[in-house]
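Please keep the viewer open, and we will go through the strands, the rings, the charges and the surface in turn.

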Amino acid sequence: MGGGPAGIMLGLLLARAGVDVVVLEKHPDFFRDFRGDTIHPSTLDVMGQLDLLEPLLRLPHQEMTTVSATFHGKQYRISDFSHLPTESKFIAFMPQWDFLNFLVRHANQYPTFHLRMNTEFTDLIEEGGRVTGVRARSPQGPIEIRSVLVVGADGRHSRVRDRTGLTVHQSGVPIDVLWLRIPKNPSLPPQSLGYLDRDKFMVLIDRGDYFQCGYLIPKGSFAELQERGLAAFRASIAALAPATAQGVEQLRSWDDVSLLTVLIDRLDRWSRPGVLCIGDAAHAMSPVGGVGINLAIQDAVATANLLAEKLRTGRVTAADLDLVQERREYPARAIQRMQAFVHRHLLNAEVTAGRSVLVRCVLVLVHWIPALGRIPARFIGVGPRPERVEIAEWPPQ
């Protein structure tokens, strides 16, 4: 359930392994703004293992080999991907709809891959204490699909997760994020990724003819920001990142700004007999590091590695599903702990405003001691326990 990176990648891998798989996506297409557009080095390695890296990189994209941040107007390099133990030593920025459509085109080569767009999951089918399929709403009316396994890959607001009754634990996050596009003069040189100044923080992703901007605000403060007016908001962005000054004036209304309510949560158990949650459905991430997509795809690879052969035979036990959680829970918890630390000590208006000297000292150290920049690069670009595609095409070529 869910046609995001985890669902489509898992569908591709299972179909490639000879498993009959149906992916349901409730929208008619993949075109939704402000989805994560980062493809990290370990994900690029997965594409290489599928012999899809070269054709993927022929699509329009941008590549980032180092990450820099601007603090009080001065730029600092904070990570360098050139030392990563990966084939691709950069983060690729590509519209997520292009990435998903690319995966679907290649998945469609396998006769056991079936994608049903505009088809919305409504409920689980349970028989004898086990999930045996799903009910969904399609343009042709209600449908039922019987299955050996249902996978909830439908994101942080997962309806599959809600229907399972599994316990969710949420962690408090002190921020929300405003996403917006800012038109850009293509002749501008590359800009920093992050901008900090006292109690303000913004991420700026250069997409060629526009910046994709993530502006952090204290949680629950969007209404107050709106009361101060759009002009004040535009001025705040331009003060943080002067390169946006001309483009930000083209923001005409708050309709051009999308609010992302940030949360970090995780399931105690990722599965019940017949149903498994992965990606954000199992462990929602904050935007810190942009690692949510990478983690979801690593979950999909591990799930396929562990379950493909069992799914082909038509029997998956509760113990088999537990193996997926055992494999992937540590990376999810480790990244969430890192994100919680960053929120407590850096991306928190109250803390940052009171610790400007400490923040500057950390940035200076990382900038002038390159080896320190390898630590965030490894954590962001690869993450703990990266996965390799271990299942061959079926039938064997």
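Predicted model: local features only at pLDDT ≥ 70, side-chain atom pairs only at ≥ 80, totals over all residues.

β3 is joined to β6 (residues 91-93) by 3 bridges, and the two strands run antiparallel.

Another open sheet of 3 strands has the order β11-β20-β19, and here the pairing is mixed. Its edges are β11 (150-152) and β19 (271-272), each with a single partner strand, so one side of each has no neighbour in the sheet. Between β19 and β20 (residues 275-277), which run antiparallel, there are 2 bridges; Ser271 stands opposite Leu276 in β20. Then there is the hairpin of β8 and β9, which has 2 residues between the strands, and where Gly128 takes a positive phi near 60°. The strands themselves, β8 (residues 120-127) and β9 (residues 130-138), run antiparallel and are joined by 7 bridges. Leu124 has Val134 in β9 as its bridge partner.

## A covered helix

Helix α2 (residues 41-49) is mostly covered, with 8 of its 9 residues buried. The buried residues are Pro41, Ser42, Thr43, Leu44, Asp45, Val46, Met47 and Gln49. Just after α2, Asp51 takes a positive phi of about 60°.

## Aromatic rings

The model has 4 aromatic pairs. Tyr215 and Phe233 form an edge-to-face pair, with 5.1 Å centre to centre and 80° between the planes. Tyr215 lies in strand β16 (residues 210-218) and Phe233 in helix α7 (residues 230-240), so this pair ties together parts that are 18 residues apart in sequence.

Phe222 is buried at 14% relative accessible area, and Trp254 is buried at 18%. Tyr215, Phe222, Phe233 and Trp254 form one aromatic cluster.

## Charges over rings and salt bridges

Two contacts between a charge and a ring are worth a look. The charged end of Arg181 sits over the ring of Tyr210, 4.2 Å from its centre, while the charged end of Lys74 sits over the ring of Tyr76, 5.9 Å from its centre.

The structure holds 21 salt bridges. One of them joins Arg207 and Asp37, with the closest N and O atoms 2.7 Å apart. The partners are 170 residues apart, Arg207 in the loop between β15 (200-206) and β16, and Asp37 in the loop between β1 (21-24) and β2. Both Arg207 and Asp37 are buried. Another salt bridge joins Arg146 and Glu144, where the closest N and O atoms are 3.5 Å apart. Arg146 is partly exposed at 47% relative accessibility, as is Glu144 at 45%. Glu127, Arg135, Glu144 and Arg146 are linked in a network of salt bridges.

The side chains of Glu329 and Arg333 also meet in a salt bridge (3.3 Å, N to O). Because Glu329 and Arg333 are 4 residues apart in helix α10 (residues 318-345), they are separated by about one helical turn. Arg333 is partly exposed, with a relative accessible area of 28%.

## A nonpolar surface patch

Val364, Leu365, Trp368, Ile369, Leu372 and Ile375 make a nonpolar surface patch of about 580 Å². Helices α12 (356-368) and α13 (370-381) each supply at least two residues of this patch, and the largest share, 3 residues, comes from α12. Trp368 is placed in helix α12 and counts as exposed at 65% relative accessibility.

Definitions and conventions. Residues numbered from 1 in each chain as written. Heavy atoms only, no water. Pairing = 2+ DSSP bridges. Phe/Tyr/Trp six-rings, centres within 6.5 Å; stacked < 30°, edge-to-face > 60°. Buried < 20%, exposed > 50% of the residue type's maximum accessible area, 1.4 Å probe, protein only. Lys NZ or Arg CZ within 6 Å of the ring centre and 35° of its normal. Patch = residues over 30% accessible without salt bridge, like charges linked within 9 Å, V, L, I, M, F, W, Y side chains within 5 Å. Areas by Shrake-Rupley, 256 points an atom, 1.4 Å probe, with all protein chains shown as cover. Salt bridge = Lys/Arg side-chain N within 4 Å of Asp/Glu carboxyl O.
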